[in-house]
Amino acid sequence: MLPPIRLTRRQFIQAAGATGVLSFAGPNISWAADGKILKVRVRNEAHSFDPLITISETDTIPMHASFERLIEYNSGDQWGWHLGAAESIGYDSPTRLRFRLRPGIKWSNGYGEVTAEDFKYSIERIAAEGTSKMEWTQLIEVAVEGPQDGVIVLKAPQANLFSNTLPRDMATIVCKAAMEDVGGKFTFDMPAVSGPYKVGDFSPSTGVLIMVRNEEHVPYPGASGKEGVDECYWDELHFTHVASHKTAELAYLAGDIDATDIAESSIPEFKNNVPENTNLVTANTTGFTWFGMNVEHAPFDDIRVRRAIQAAIDPWEINEGAYFGAASVGTGVIAPGLEGYWDVERPKPDLDKARALLAEAGLPNGFDTNITVLNSDAQVAACQIIQSQLAQIGVNVEVLQYEGGTFWNLGQEVKGDDWKSLELIFQQWTSSPDPNRATQWFTSAGVGDWNWERWDSEEYTRLNEEAMTSVDEEERDRIYQRMMEVMWEDAAYVPINHVQIGWLVRDHANMNFIPNARIRPRRIGAA
């Protein structure tokens, strides 16, 4: 059993289980002919470098390298934040958050200083139509009161602003004038940047992103999160898409890349045999894995069938067989240690109960179905175990694997009609130290967007809104626990686990991860 994450809103600290230290340095600096280059693997395909559309960390990496946010997460193994582009920030009242931008932060390509008007434009466009618009459901407007001064005006208090929303991609500041010059949107060609890096080259076909120094960048104290640290040590950062963990591990061992996250199943192996000149980083995450059922697709529109499937799933077997113990069994989408973690004893699999429920639903001989999954080593292995488990109650499952470019569009109505044919779905997501980041996707508003199970619970949706606007820790904890109970009772979702993340990193690289071992590229350095 992994040690739990410990977090309170008051302290905003996570005493997460991190094996070793999340920051490394050594004497062996890698030099290319034209300067210092670090090569890092990313697991997902890029979809967009515009903060309006973010699908995975591969999209957010260049956002954090090239643009500013008011605040940023701290590096290390404790959750916290520091000022970024904001010179100051604080509440006038529970619904009015005042900020002042640091003067002198420059846009590239002659667009002048970063202003409060840029922030207003950036946030209000995401709130209106961004993939992360649910992060701004309480927003009324950003009121501009001067070139660097503004106020975030809310309908009601928003409990997760500092723990989740402001340090992340959905609070990224883009240049209003530059965006208007390109028609209001871009995909990979950033019209103006303000951060220490810019896109030097990107090839969607090869999946290689090269970030180079932004010569027009104006550093400011503590921008990297560490006073006195050069926030742009490397001349170039190369991020290469490699879908398979195992392929990426082999590339690392061959010397082709300098840092990669690894398969959960590989963590025990590398703990026992750390490669030469390498540091192994492992950390608990706030992410979550679940197995879902499309409640609009027969026979999963019958709760008896969903509860039969739920009763047949053995998450302990999945953990051992697909994740080699590098995960903790889940009771919901909220990770241990966070507000709202549902700390109950999970029922053991009950095949007799499952068969009886199927018979009651008129399916005594079972049925044929399929499960949709991203082509990721551990997730595919998990689905193959589920396939075997469900076969014991007469449910014959075909495992359908998809590459990321296809998979992430399947359940979204705006991408076509594939959502109509989804039956069973296996997913694994990252999250943040605030429970709303995990719960918000499964509300009524998420149907047709990221709620691929198309589950529409009035109680769950109402409770999610209540928790979002409550600043009372005990009340939020109670509300979120009830939400996990509601999800379990209606059985559209079968929680699987909360995984660890592991990285292999050359000992000359100082990755400066945030507590869940995620990348903030402007902080990557060396001794």
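Author: A salt bridge here is a side-chain nitrogen of Lys or Arg within 4 Å of a carboxyl oxygen of Asp or Glu. Please keep in mind throughout that this is a predicted model.

Reader: Fine. Which residue forms a salt bridge with Glu249, and at what N to O distance?

Author: The side chain of Glu249 pairs with that of Lys246, at 3.9 Å from N to O, and this falls within the 4 Å limit of the rule. Both residues belong to helix H5, residues 245–253, where they sit 3 residues apart, or about one turn of the helix.

Reader: Is Glu249 buried or exposed? And what about Lys246?

Author: Glu249 counts as buried because its relative accessible area is 6%, which is under the 20% cut-off. Lys246, with a relative accessibility of 35%, is partly exposed.

Reader: How many salt bridges are there by this rule?

Author: The count comes to 31. One of them joins the side chains of Asp50 and Arg125, with an N to O distance of 2.9 Å. That pair links distant parts of the chain, since Asp50 lies in the loop between strand S2 (37–42) and helix H1 (57–66), while Arg125 lies in helix H2 (residues 116–129), 75 residues apart.

Reader: Why do Asp50 and Arg125 count as buried?

Author: Asp50 counts as buried because its relative accessibility is 1%, and Arg125 does so because its value is 10%; the cut-off for buried is under 20%.

Reader: What about the pair Arg482 and Glu485?

Author: Their side chains form a salt bridge at 3.1 Å from N to O. Arg482 and Glu485 are separated by about one helical turn because they are 3 residues apart in helix H14, residues 473–490. Arg482 is partly exposed at 27% relative accessible area, and Glu485 is partly exposed at 28%.

Reader: Which residues are linked in a network of salt bridges?

Author: Asp92, Arg96, Arg98 and Glu145 are linked in such a network.

Reader: Changing topic: how many cavities of 30 Å³ or more does a search of the whole structure find?

Author: The search finds 3 of them, and the largest cavity has a volume of about 950 Å³. Its lining takes in 50 residues, with Asn44, Ile55, Ser56, Glu57 and Thr430 lying nearest the centre. The elements that contribute two or more residues to this lining are S2, H1, strand S18 (424–429) and strand S19 (493–506).

Reader: Which element gives the most to that lining of the largest cavity, and how do its residues divide by class?

Author: H1 gives the most to the lining of the largest cavity, with 5 residues. The lining as a whole divides into 16 nonpolar, 22 polar and 12 charged residues.

Reader: And the largest pocket, what lines it?

Author: The largest pocket holds about 400 Å³ of space and is lined by 18 residues, of which Thr131, Gln412, Val414, Lys415 and Asp449 lie nearest its centre. By class, that pocket lining has 5 nonpolar, 7 polar and 6 charged residues.

Notes
Residues numbered from 1 in each chain as written. Predicted model: local features only at pLDDT ≥ 70, side-chain atom pairs only at ≥ 80, totals over all residues. Heavy atoms only, no water. 1 Å grid on protein atoms, 1.4 Å probe; cavity = no way out; pocket = protein on both sides within 12 Å on 5 of 7 lines; lining within 4 Å. Points joined across faces, edges and corners; volume = space filled by probe spheres on them. Nonpolar A, V, L, I, M, F, W, Y, C, P; charged D, E, K, R; others polar. Helix = DSSP H or I, 4+ residues; strand = E, 2+ residues; numbered from the N terminus. Buried < 20%, exposed > 50% of the residue type's maximum accessible area, 1.4 Å probe, protein only.
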